[in-house]
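Work through the exercises below with the sequence and the coordinates open. Each task is followed by a solution in steps.

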Amino acid sequence: MDLKGSLVDTKLKIYPSKKLLNFLQNIEFSDNIPVNIAKLVKGEDFTYKNNNGYDVKQINFTLNNKDLEIIKKVKEKFKNIELSDTDTCGSHNDVIIKNVCTKDAEIKSRENSLDINGVNKKDLDVKDTQNKDLDYIDKEKSDLKKEGPYLISSDMDWLYTHLQERRSNGEKNVPYLHALLEGSHIELPENTVIKRNPILEERCVKLRAQQEAREYRKMTKSVDNVRMRFPEDSISYQLKQVNRQLIAVGQFILSIFAGFLFGFKGVEWMLGNLDFGFRLLLGVMCALIIALAEIYFLAKKLNEELNVPETIQLGGPPKFAQEPTCHGHKISFIDKEHKD
Amino acid sequence: MTLETKEDLETDNVDVVCDLLDKLVLKQLHLMEEKMVCELNIESCINNGSIHLAKSRYIMGQSSVSTARLPMESSPEFSALTTCETTEEDDVQQLKVVENNNKSKVNPIRWFGVLVPQNLHKAQSIFQNTINVVVECVNVQLQLFENMRNIDALKKYVCLAKS
């Protein structure tokens, strides 16, 4: 029962392809290059001398109306082709809609359909770890795990503006970002797996078994002729309990009163006439000392009664004491995960 | 058919489309991150709500806050408290949360009793808030799909133009 921790960092990791790497290495190195790109070019342990050497401008990549129009136009043109191209594209769209939850399955299908159409595919190996079975993830991990420097999406923003600038400066043959990104490997962050503490597990099993044993004893009480004689929930039993406590309290009060009387009268009888105030003081002192000692014993007794409940086993199944084990392994109760 | 459309394409148009494609790719990346943030929000919301539910269950007892209190198939019908409406924004379908003003609403808290602990009220408000977060997440997802389709279309266009 391993838990999955929630994501801490929601940044995509983009492992660049060789093409992108080559391109990045040819970029003129300046101070306003983002750290990740600089690391790619200069090596892992690159750090900026002055930390605030760059700041990523929040570029506006939202689509304006003109862009939308272009998309619409292109789509319309394609509608005709798609209609004639049997239904490969249509089925591909259906696939996308159906695989709403499993993103990468859908991307794979997209790649496949792109293959069918003979169009260059963009190799976005996106992993969506959240919606998949664990074994599948493991399989993915073994062949997709990559190490080394990576880029994040803000670097891509920077790259985009950088390319735009170069293009507007009149430079020819500036590659496009989507072409550069082809073949890059994009990885989604993964959840950390939190192992369940074995001590906690042990305690849970124990407590659960204890509770079950208690319930069972309660249930079988009415058919067990040993315990039937100890009806704990009848009125007479409860009254008896109350009586016992009342007697203890009564004893306490009585002994205090006796102590006071000793101080108030007994000392006078022994020594002859004493002042009233002094007698009172003496009485109170005696009562106080006795009360202190009495309280200690009273508390002890009441406390014992509270803790008593079932120290004696009266019939029924053996009371749960130690975890049942089998060759050092626990006999599992784990199957019952959520008990109502 | 294909040949005809190829003739329609204008070469300087390709540059515009390529630039647009770049934008779409960037948008895709950002949408992916946004979706993850949304999912994290949902997760934390549901966690909070569940904790409050568990607390109220602890206070009221196991049986008074349990699935047995939920309405069954045979219980009278009622209308949903909130519903979703589809709207269209920039050619992308988007959902919108709408409060239902129907009279046959039922306050779900009444299933668990009249004098319920404060935690149950809190849990209710948190879960109600979660609806908004979920809808937000769905919207992002829809945008993702739409964006993907756009990228596909533009790619094909560029490929045709180049070939």
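**Exercise 1.** In this predicted model, find which residues Q94(B) is in contact with, leaving aside its neighbours within four places in sequence.

*Solution.* 
- Step 1: Locate the residue. Q94(B) sits in strand β2 of chain B, which covers residues 92-99.
- Step 2: List the partners. With the sequence neighbours set aside, Q94(B) is in contact with E85(B), T86(B), T87(B), E89(B), N139(B), L142(B) and Q143(B).
- Step 3: The side chain of Q94(B) reaches the backbone oxygen of N139(B) at 3.4 Å.
- Step 4: Compare sequence and space. Q94(B) and V135(B) are 41 residues apart in sequence, while their C-alpha atoms are 8.8 Å apart.

**Exercise 2.** Decide whether Q94(B) is buried or exposed.

*Solution.* 
- Step 1: Take the relative accessible area of Q94(B), which is 6%.
- Step 2: Apply the cut-off: buried means under 20%. Q94(B) is therefore buried.
- Step 3: Of the 163 residues in chain B, 42% are buried.

**Exercise 3.** Describe the order of elements in chain B and the sequence range of its contacts.

*Solution.* 
- Step 1: Count the elements. Chain B has 3 helices and 2 strands.
- Step 2: Order them. Starting at the N terminus, the elements of chain B run α-α-β-β-α.
- Step 3: Take the contacts in chain B between residues at least 6 apart in sequence; 74% of them join residues at least 24 apart.

**Exercise 4.** Identify the largest nonpolar core and the elements that supply it.

*Solution.* 
- Step 1: Size the core. The largest nonpolar core has 52 residues, and those with the most contacts inside it are L20(A), L24(A), L151(A), M156(A) and L159(A).
- Step 2: Assign the elements. At least two residues each come from α1 (18-26), α2 (35-42), α3 (65-84), α7 (153-168) and α8 (177-181) of chain A, and from α2 (11-60) and α3 (118-162) of chain B.
- Step 3: Find the main supplier. α2(B) gives the largest share of this core, 16 residues.
- Step 4: Check one member. Not counting residues up to four places away in sequence, L20(A) touches L151(A), M156(A), L159(A), L180(A), L181(A) and S184(A).

**Exercise 5.** Find which residues make the nonpolar surface patch of about 370 Å², and classify L271(A) as buried or exposed.

*Solution.* 
- Step 1: The patch is made by F262(A), M270(A) and L271(A).
- Step 2: L271(A) belongs to helix α10 of chain A, residues 235-271.
- Step 3: The relative accessible area of L271(A) is 66%, so this residue is exposed.

Note on methods. Residues are numbered from 1 along each chain as its sequence is written. Chains are lettered from A and ligands numbered from 1 in the order in which they are written. This is a predicted model: local features need pLDDT of at least 70, side-chain atom pairs count only at pLDDT 80 or more; totals for chains, interfaces and linings use all residues. Side-chain values use heavy atoms; hydrogens and water are left out. Patches are made of residues with over 30% relative accessible area and no salt bridge: like charges are joined within 9 Å, nonpolar side chains (Val, Leu, Ile, Met, Phe, Trp, Tyr) within 5 Å. Accessible areas come from the Shrake-Rupley method with a 1.4 Å probe; for residues, only the protein chains shown count as cover. A salt bridge is a side-chain nitrogen of Lys or Arg within 4 Å of a carboxyl oxygen of Asp or Glu. Helices (H or I, at least four residues) and strands (E, at least two) are DSSP runs, numbered from the N terminus. Buried means under 20% relative accessible area, exposed over 50%, partly exposed in between (1.4 Å probe, protein chains only). A nonpolar core is a set of buried Ala, Val, Leu, Ile, Met, Phe, Trp, Tyr and Cys residues joined through side-chain atoms within 4.5 Å. Contact means heavy atoms within 4.5 Å. A polar contact is a pair of N or O atoms within 3.5 Å; within protein, one must be able to donate a hydrogen and the other to accept it, and residues adjacent in sequence count only if both atoms are side-chain atoms.
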